[in-house]
Structure formats: structure tokens, C-alpha cells
Amino acid sequence: MNTTKIHALARDTVKAIQPYASARSSMSGGAIWLNANENALAPEYQLTGSFNRYPSCQPKAVIDGYAAYAKLQPDQVLVSRGADEAIELLIRSFCQPKQESISLCPPTYGMYAISAQSNDVACNIVPLTANFELNLPALFATSPKLVFICSPNNPTGNIIPRQQIIAVLEQFKHSALVVVDEAYIEFAPEASTLNLLNDYPNLVILRTLSKAFALAGLRCGFTLAAPDIILALKQMIAPYPLAEPVAQIAAQALRPEAIAKMQNSVNTLNQLRDNFITYAKARTGINQVWPSSANYVLLQVADAAACVAALAEQGILIRNQSSQLGLSQVVRVSIGSANEMQALTTAMDKYFNLANSTANKERI
Ligand SMILES: *Cc1c(COP(=O)(O)O)cnc(C)c1O
């Protein structure tokens, strides 16, 4: 058989799937990476020992470390290979393929839809309103098993109002889990829904070490929920989801001194973000700047693809988000170090001055 015929053996679902175009897979090169919302202010970690033994499925130091950080009991915490694995586990554990559905509210994180599709679970698409809040009547008209809410939302940067999240928890109290993706919550900790966990047994919170903790390369995320939800996920998780080196570094990252360092880098990044927003609002050529409670900013420009390409030529990678439902001609800029942001604004000045003078010429 040739390879085309072999590919024909794959499930129809697999043939239909459009894989997630991650920042890392879709762009390469460049010296300054501002396209994946990573934290450039990274501490260094050390590994020790040998790795001849299989690791623990749920390493105690990691679970206890995160439980202490989140002020929860260890049985309310699951660790997985990134928050992405948690999204997949939730769908596989709670949605019957070809029968049940999830609800999601674009523009938002792409993996909810992709994990649903790869598991033959339908998506109810309920777009956010013009100011990027939930459309509650439309959401309440769906009958999902899981509702995904991203707050701060990626790529828009805003927090979903707490009263809206509570309304969704109430509405689906007996029928669905409400999954609040808090991948960026360290940049706006006061907005966390953690303190709703004891009141709402259908609340699930997703967290990660990839963003504020500056450990995207580690692949380590957390699910916070009632113990019976955590138990269901444990029934589906792989026997060894975390490699031993991952567990070692995650445990180090969750020590109080490391958490304090993370919080310092968050303060620095929040300041750099606010400075960048001030710059972008004054910059001719940037037509709209959305407020942000995370480590990225959404901008509307005349030609998003041209802007991304021009910056890439100067070694700076940012992300075009124009293909997202409800967004047009927008780019998302991740906040990097002070030097990187300086290089970015210099490159933007160059591009927009040029684009501006070309536009003027065309007008003449
Ligand atoms: C980055 C991101 C994730 C994925 O986190 P990992 O732990 O790296 O898998 C999940 N949700 C949102 C909204 C993200 O931006």
C-alpha cells in the first residue's frame, strides 16, 4: 500500500481535523518571540538523580505544592501534561461521543473546539458580545455537558464578569460542568473564581505553569474541582502523564520563594503591558487597542498579515488573530522583557511610519 492508502485507514474524524496551528509550529526564526504568551523572565532550574523508575501518576510534592498555592485540599487538584491535556480529559470524561456537546464562546482559545472535534463531540458556538462578554441568553439556549469560559480570555485579554460566570454556574447547576480557564489568572489574581469552588460543585478551574510561571516547555497544568470530578478525570488519565524531570521542576516552581519570584515577574510584565498600551494608543496606524488583564494585548491595524510579516522581517514574531470568529485585522502581541518591548516599539514605529507614508502617497 502506498502512504495515501494508509492514510485512508484513519478514522473519518481524523481525516476531517484541521490541527491546531500553534505559535511554535506556524512561525519560526526571529530573535524575539512575542507570539505565544510565554514569560520571557524565566528562572533556571536544576535536575538531580537518575530516572530509571516510572514516575508517580500524581506526584505528591506537585499536588501538595499547588494545593497550598491555591489554598485547596489535595483531593481538589489534578496535575496533567499542560492545561491542554486537562481540556481533552474533561471532554473524554464527561461527553458521550456523537451524542453530547460542549459550549464555547469565541473569539477564544482554540483547543476547546479541536479537542471536542477529535473526540466526536459537537460544539455549540456562542460568540461573545461586541465588548467580549458572554451572551447569556444564547448560552442558556444550548444544552451542553461542558461550558468553556476563558478568563482572562485569550486573545481578547478581558476578564469575564464574575456575575456572568455565577449566572452560568446557576443555570447549568444540574446539567453541565462550567470550566473556567484561568491560564492567565496570575496577571489578575483578584478575578479568580477559586472562591466559588466550595459553593458550586459544577465549577472546574484550569491552571497552567506555562504562562506566568514561565514554564511552557515543561508541559504542566492543573485542574481544580470538587473531589468527585477529579476522581472521574483520574479514571481517564494516562498512567504516567508527567515525566519525572517535569515533576521535579514543577515541585521547585511551587515553593513559596519561587512563587514570590513569579509574582515579581508578573508585576514587571503588567507594568510593561500598561506602558505598551499607552504607546499603542498614541501610535498612528494602530486603530484600536483593547484593554488587557493578561500578558498580551490585542491590536487592530489596517493590514494584520502585512504587519506580522513586516515585524517578522525585523526578527520579531507576533500573532495574527484575524481568522478568529468576530475579529478582523487584529494582531496579538505578547509582553516580553523590557529590551524586547523596546525592540518591538522601534520596529512598529518603522513599519507604521512607512505604511503611513505609502498610504499618503496612494491618496495623492
Ligand atoms: C496557553 C493556554 C493554555 C494551555 O496551557 P498548557 O498548560 O501550556 O497546555 C490553555 N488555555 C489557554 C487560554 C491558554 O492560553
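Two strands count as paired if DSSP finds at least two bridges between them, and both helices (H or I, at least four residues) and strands (E, at least two) are DSSP runs numbered from the N terminus. The model described here is predicted, so that local features need pLDDT of at least 70 and side-chain atom pairs count only at pLDDT 80 or more, whereas totals for chains, interfaces and linings use all residues. Residues are numbered from 1 along each chain as its sequence is written, and side-chain values use heavy atoms, with hydrogens and water left out.

An open sheet of mixed pairing is formed by 7 strands in the order 2-8-7-6-5-3-4. Strand 2 (77-80) and strand 4 (122-125) each have a single partner strand and stand at the edges, so one side of each is left without a neighbour in the sheet. Within this sheet, strand 7 (residues 203-208) pairs with strand 8 (residues 221-225) in the antiparallel sense over 5 bridges, and T208 stands opposite G221 in strand 8.

A second open sheet comprises 4 strands in the order 9-10-13-12, with antiparallel pairing; its edge strands, strand 9 (286-289) and strand 12 (319-320), each pair on one side only. Strand 12 is joined to strand 13 (residues 330-334) by 2 bridges, and N320 stands opposite V331 in strand 13.

| Helix | Strands touched | Angle |
|---|---|---|
| Helix 11 (residues 256-282) | strands 9, 10 and 13 | about 10° with strand 10 |

How values were computed: Contact means heavy atoms within 4.5 Å. Axes are lines fitted to C-alpha atoms, for helices over the stretch in contact, and angles run from 0 to 180 degrees between N-to-C directions.
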